[in-house]
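Dear colleague,

I am passing the structure below on to you, together with notes on what was found in it. Please read the notes with the coordinates open beside them.

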Amino acid sequence: MKVNINPIRDVRGGIVTFEGKQDLDAIKQIEELGLEFLTPLDVKGKITNTGEGFLVEAELSCQYQSSCNRCLECFTSTLEADFKEEYVCKDADTEDNCTVIKGDYLDLTEPLVEQVILSLPMKFICKEECRGFCSSCGANLNETECSCVDEPINPQFEKLKSLLNTKEVD
Ligand SMILES: [Zn+2]
Ligand SMILES: [Zn+2]
C-alpha cells in the first residue's frame, strides 16, 4: 500500500489522511498456525510531517480463519491492531531508513504486513467460553456433556483424605 505524501512533503505539521486495503498475499496462509486470512487488511490512518520525518498512525483490521486451540473447531474472527511508526530519512542516512519513503510516496506494504504478524493472538480460541475437550474422555464439551463432569479425584489424594479422616476420629 502506497500513500502519496506530496501535499505535505515540505509542510511541517502537515497531515494527510488515507484509507485503503493492503493485500495479505505474502502471509495469506500460515500453516504452522492453521491460519488463513480471508480479507485484505483494511487500513485507515493519517500521516503527519513532524519536521523530522513522517509519522504514520493507522487502524488495521482483517478477517481470518483458524482452528481453535481448545476444541480444534474451525472459526473466523477479526484481527484489529493499531499501527504507529515514524519514518525519518535524511540525506546522510543509510538506505535502511529510507526504504519506506520513496519520493512522493510512503510504501507501507512491508510494515503493515509485519504489524499483522506481530498482532496475532498468542492462542487462537473460538470463543472466550470455549470448553474444549474433556481431559478424561475426550468429548467436545461445547457439544455434549460427558459423564465425567465432576473433577476426577486423584487416587493418592483420596488415600490421604481417608488417613486424615481416621486421625480425626481418633
Ligand atoms: Zn473452541
Ligand atoms: Zn469426560
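This is a predicted model: local features need pLDDT of at least 70, side-chain atom pairs count only at pLDDT 80 or more; totals for chains, interfaces and linings use all residues.

**Strand pairing around S6**

In S6, glycine 45 has alanine 58 as its bridge partner. Residues are numbered from 1 along each chain as its sequence is written, and chains are lettered from A and ligands numbered from 1 in the order in which they are written.

The protein holds two helices and nine strands, where helices (H or I, at least four residues) and strands (E, at least two) are DSSP runs numbered from the N terminus. Read from the N terminus on, the elements follow the order β-β-β-β-β-β-β-β-β-α-α.

S5 and S6 run antiparallel and are joined by eight bridges; two strands are said to pair if DSSP finds at least two bridges between them. Threonine 48 stands opposite leucine 55 in S6, and in the hairpin of these two strands, which has four residues between them, glycine 51 takes a positive phi near 95°. S5 is also joined to S2 by eight bridges, again with the strands running antiparallel, and here valine 16 has isoleucine 47 of S5 as its bridge partner.

S6 and S7 pair in the antiparallel sense over 14 bridges, with tyrosine 64 opposite serine 77 in S7. In the hairpin that these strands form, six residues lie between the strands, and leucine 72 takes a positive phi near 70°. Tyrosine 64 is also the bridge partner in S6 of phenylalanine 37, and strand S4 (residues 35-37) pairs with S6 in the antiparallel sense over two bridges.

An open sheet of three strands has the order S1-S9-S8, with antiparallel pairing. Its edge strands are S1 (2-4) and S8, each of which pairs on one side only. S8 is joined to strand S9 (residues 105-107) by two bridges, and isoleucine 101 has leucine 106 as its bridge partner in S9.

Threonine 99 is placed in the loop between strand S7 (74-87) and strand S8 (101-102). Tyrosine 87 is twelve residues from threonine 99 along the chain, and their C-alpha atoms are separated by 9.3 Å.

In helix H1 (residues 109-118), Leu112, Gln115 and Val116 are buried. They lie on the same side of H1 because they cover an arc of only 100° around the axis, the arc being that of the directions from the helix axis to the C-beta atoms. Glu110, Ile117 and Leu118, on the other side of H1, are exposed. What covers the buried residues of H1 includes strand S2 (15-22), strand S5 (41-49), strand S6 (54-67) and S7.

The largest nonpolar core has 20 residues, of which Val56, Leu106, Leu108 and Leu112 touch the most other members; such a core is a set of buried Ala, Val, Leu, Ile, Met, Phe, Trp, Tyr and Cys residues joined through C-beta atoms within 7 Å. S5, S6, S7 and H1 are the elements that give two or more residues to this core, and S6 gives the most, with five residues.

Leaving aside its neighbours within four places in sequence, leucine 106 is in contact with Lys2, Val3, Ile5, Ile47, Phe54, Val56, Tyr87, Val100 and Ile101, two residues being in contact if their C-beta atoms, placed from the backbone, lie within 7 Å.

For the protein as a whole, buried residues make up 15% of the 170 residues. Among contacts with a separation of 6 or more, 56% are between residues 24 or more positions apart.

With best wishes

How values were computed
A residue is buried if 20 or more other C-beta atoms lie within 10 Å of its own, exposed if 12 or fewer, and partly exposed in between; C-beta atoms are placed from the backbone.
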